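Have a look at this protein with me.

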Amino acid sequence: GIIEAFEPRLSDLESPGSGAELRPLDRWLLARTQAFLEEAERAFEAFMTVGVTRAFKSFVDDVSNWYIRRSRRRFWEKSDEAAFRTLWYALVQALRVISPLMPFLAEHLWRNLVARPCAGAPESVFLAGWPATQADLLDRSILDEVSAVRQAIELGRAARHFRDHLGASDADRDRQADTLADLATQAFRDLRRRAGDPLEAANVEKRLLHRHALDHRGGLLED
């Protein structure tokens with residue numbers, strides 16, 4: 001296994017998350033991976049390698065600063081197969097995309113993430129072929145919903161900067177707080193209606209609002 005006795009399956013590249021109970025954030029990463037595959041393929045077809053690298057950089061940022069950060073407690077639990085399998089799928093598909101531009105790194109990671117732990121896997125990333133986009137996983141609505149959530153959080157960070165660096169008054173902070181609360185509340189309500197696990201979405205809502213919203217008593221709370 002790679003970590004915490006996790007045993008990846010080559011079949012997960014065709015049916016990611018099968019047999020596991022996916023949470024809304026898992027479905028978002030699967031959809032985000034499909035969007036990345038589409039964007040990278042268009043860039044390659046246009047001979048725009050800079051477009052591929054920009055798409056890859058954005059994807060890695062999303063995986064690291066959104067999915068892993070929001071799911072980190074799940075990786076402490078050996079039984080949370082959905083988190084491990086979703087992340088493994090996203091990383092492996094990304095390696096296949098970036099391998100023409102970063103061949104040595106992609107090959108090294110492929111051997112450690114796929115070739116060694118997965119029976120019957122191609123020995124090289126260059127024998128694996130191009131990853132096909134799976135239309136059934138490309139849920140644009142959940143991409144839009146999470147984007148709205150992230151925009152609300154970014155507004156909170158901007159408000160923090162406004163308070164710390166521009167000397168905002170109490171009235172200014174209150175107005176920023178009201179704006180942020182409206183945006184965040186609507187975004188999380190939309191996500192909760194979409195989610196198959198309303199309780200999980202509610203927990204996320206509570207946690208993020210407490211961490212990122214403006215606190216009228218003391219400004220913006222840190223992560």
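What follows is a set of questions and answers about this predicted model.

Q: What pattern does the protein follow, read along the sequence?
A: Read that way, the pattern is α-α-α-α-α-α-α-β-β. The secondary structure comes to seven helices and two strands. Of the 223 residues of the protein, 43% count as buried.

Q: How do you know that the span of helix H2 agrees with its number of residues?
A: Helix H2 covers residues 49-71, which is 23 residues. At 1.5 Å a residue they should span 33 Å, and the end C-alpha atoms are 31 Å apart, so the two values agree. H2 also has a kink of about 30 degrees, centred on Val 63.

Q: How far does H1 reach from its first C-alpha to its last, and what is expected?
A: H1 has 22 residues and reaches 32 Å, close to the 32 Å expected at 1.5 Å a residue.

Q: Why is H1 called roughly antiparallel to H2?
A: H1 and H2 pack at an angle of about 175 degrees, with their axes 9 Å apart. Angles over 145 degrees count as roughly antiparallel, and that makes H1 roughly antiparallel to H2. Residues making the contact include Trp 28, Phe 36 and Phe 44 of H1 and Val 52, Phe 59 and Tyr 67 of H2.

Q: Which residues of H2 are buried?
A: Among them are Gly 51, Ala 55, Phe 56, Asp 62, Trp 66 and Arg 70. Here is a general point to keep in mind: an α-helix has 3.6 residues a turn, so residues three or four places apart point the same way.

Q: Why are H1 and H3 called roughly parallel?
A: H1 and H3 pack at an angle of about 5 degrees, with their axes 10 Å apart. Angles under 35 degrees count as roughly parallel, and H1 and H3 are therefore roughly parallel to each other. The contact includes Leu 29, Leu 37 and Ala 40 of H1, together with Ala 83, Leu 87 and Ala 90 of H3.

Q: What makes Phe 47 exposed?
A: Exposed means over 50% relative accessible area. Phe 47 has a relative accessible area of 75%, so Phe 47 is exposed. This residue is found in the loop between helix H1 (24-45) and H2.

Q: Why is Tyr 89 called buried?
A: Tyr 89 has a relative accessible area of 0%, so Tyr 89 is buried. Tyr 89 is in helix H3 as well. Its C-alpha atom and that of Ser 15, 74 residues apart along the chain, are separated by 9.5 Å. Leaving aside neighbours within four places in sequence, the contacts of Tyr 89 include Asp 12, Leu 30, Thr 33 and Gln 134.

Q: Why does Gln 134 count as buried?
A: Buried means under 20%. Gln 134 is at 14% relative accessibility, so Gln 134 counts as buried. Gln 134 lies in the loop between H4 and H5. Leaving aside neighbours within four places in sequence, Gln 134 is in contact with Leu 13, Glu 14, Pro 16, Gln 34 and Tyr 89.

Q: Which residues of the largest nonpolar core touch the most other members?
A: Of its 45 residues, they are Trp 28, Phe 36, Tyr 67, Trp 88 and Val 114. H1, H2, helix H3 (81-98), helix H4 (103-115) and helix H5 (140-166) each supply at least two residues of this core. H3 gives the most, with 11 residues.

Q: Which residues is Val 114 in contact with, leaving aside its neighbours within four places in sequence?
A: Val 114 is in contact with Leu 10, Trp 88, Val 92, Leu 109 and Ala 121.

Key:
Residues numbered from 1 in each chain as written. Predicted model: local features only at pLDDT ≥ 70, side-chain atom pairs only at ≥ 80, totals over all residues. Heavy atoms only, no water. Helix = DSSP H or I, 4+ residues; strand = E, 2+ residues; numbered from the N terminus. Expected span 1.5 Å × (residues − 1). Bend = angle between axes of the 7 residues up to and from the residue. Buried < 20%, exposed > 50% of the residue type's maximum accessible area, 1.4 Å probe, protein only. Core = buried A, V, L, I, M, F, W, Y, C linked by side-chain atoms within 4.5 Å. Contact = heavy atoms within 4.5 Å. Axes fitted to C-alpha atoms, helices over the stretch in contact; angles between N-to-C directions. Parallel < 35°, antiparallel > 145°, perpendicular 65-115°, else oblique.
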